[in-house]
Amino acid sequence: MRMALGGFVAYAIVAAVIAAAMALPLHAGETADGVKARGRLRCGVSEGVVGFSARDASGRWAGLDADFCRAVAAAVLGDPEKVEFRPLKASERFPALNSRVVDVLARNTTWTMSREVLLGARFPGVLFYDAQGFMVSVNSGVKTAADLKGATICVVKGTTHQEQLTDYFGVRGHKIEPLIIDSEIGAADALFAGKCRAFTSDVSQLAAARLRAPGGSQAFTILPERISKEPLGPAVRRGDDDWFMAVRWVLFALIAAEEFGITRSNVEATMTPAHSAAIRRLLQYEKQYARALGVPEGWMTRVVKSAGNYGELFERNVGSQSALKLERGLNRPWYQGGLMYAPPLR
């Protein structure tokens, strides 16, 4: 997707600032060493997106991203509760990551070329396949995105949604007025207050925002158009390949566990040589894998026990067992027509 000149200049400025913060290179394993030394994983999350990272009624961080952070802590520190959650605005994400305020970013973040090439992030994989859409009031008279020409549309500062919004309408010769808001909560509230005709964001975030709409979620609808690909995933700093590899294989372990039929409740019984040839192969090299990843032995068992397999993680937080009730869609495993695919654990 092309980048508008203003957006490119803004990215170039941010990249220059972050490059200064990255002047001192990481040595191999530095992030993991820091995590182990303090006994806590510092995880950058959203300020509150239901289903991904938000505080529940008891004050505990819950959601797909929050549980992924716990899975990483389980693998590296042996305890899923050894996580320090750092809520961040969208515009704060990459400065916080590259200035080493957080060890891993798990905050509804889209994997893009500019974020890897210019902002110094590395994405170990995709945790959730999403797309950008629009939410409007059911009383607005808007049925499709074409009905929004000339409208004021709320969009969150520091996201890819800004450029994609102007690109989408620009190529169609339609003018719109972006109303740039500092946070997802603020953008949704502006829509609810009638300050804009639509709010554009990831469809999952729109579904989460709709849950707290005045008059109930039925008062707002998400339009059918999807205007971008949004592969959301964890991000780590460039330059520490050991940490990148550890976070990557935690994600792949969750995905592979679903394929193997390993669940939160059966993981200890399943991870035995008698279970299957695939498990036998995995266990044969488990000590070597653990040593190479810099984690204690039994890491995969701890990961699945802390979060469940990917299917359990999805359904509990954003799927059928959640308030969002999202369809799995592209997040189904590859053998069911989805895109969730882990390289072989052998």
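Strand β1 (residues 41-45) runs alongside β4 in the parallel sense, and the two are joined over five bridges, where a strand is a DSSP run of E with at least two residues, numbered from the N terminus, and two strands pair if DSSP finds at least two bridges between them. This is a predicted model, in which local features need pLDDT of at least 70 and side-chain atom pairs count only at pLDDT 80 or more, while totals for chains, interfaces and linings use all residues. Residues are numbered from 1 along each chain as its sequence is written, and side-chain values use heavy atoms, with hydrogens and water left out.

**The sheet**

- Strands β4, β1 and β5 form an open sheet in the order β4-β1-β5, with parallel pairing, and its edge strands, β4 (83-87) and β5 (104-105), each pair on one side only.
- Arg42 has Glu84, in β4, as its bridge partner.

**Aromatic rings**

- The structure holds 13 aromatic pairs, counted when the ring centres of Phe, Tyr or Trp (its six-membered ring) lie within 6.5 Å, with planes under 30 degrees apart called stacked, over 60 edge-to-face and the rest tilted.
- Phe134 and Tyr168 form a tilted pair, with 6.3 Å from centre to centre and 50° between the planes.
- Because Phe134 belongs to strand β7 (residues 128-137) and Tyr168 to helix α6 (residues 161-170), this pair ties together parts that are 34 residues apart in sequence; a helix here is a DSSP run of H or I with at least four residues.
- Phe134 is buried, with a relative accessible area of 0%, and Tyr168 is also buried, at 15%, where buried means under 20% relative accessible area, found with a 1.4 Å probe on protein chains only.

**Cavities**

- A search of the whole structure finds two cavities of 30 Å³ or more, a cavity being a set of points on a 1 Å grid over the protein atoms alone where a 1.4 Å probe fits but cannot get out.
- The largest cavity holds about 70 Å³ of space, and among its 13 lining residues (those with an atom within 4 Å of a point), Arg93, Asn108, Thr159, His161 and Gln205 lie nearest its centre.
- The second largest cavity holds about 30 Å³ and is lined by Ile255, Glu258, Glu259, Pro333, Trp334, Tyr335 and Met340.

Technical notes. On a 1 Å grid over the protein atoms alone, a cavity is a set of points where a 1.4 Å probe fits but cannot get out, and a pocket is an open set with protein on both sides within 12 Å along at least five of seven lines; lining residues have an atom within 4 Å of a point. Grid points are joined across faces, edges and corners, and a volume is the space filled by probe spheres set on the points. Buried means under 20% relative accessible area, exposed over 50%, partly exposed in between (1.4 Å probe, protein chains only).
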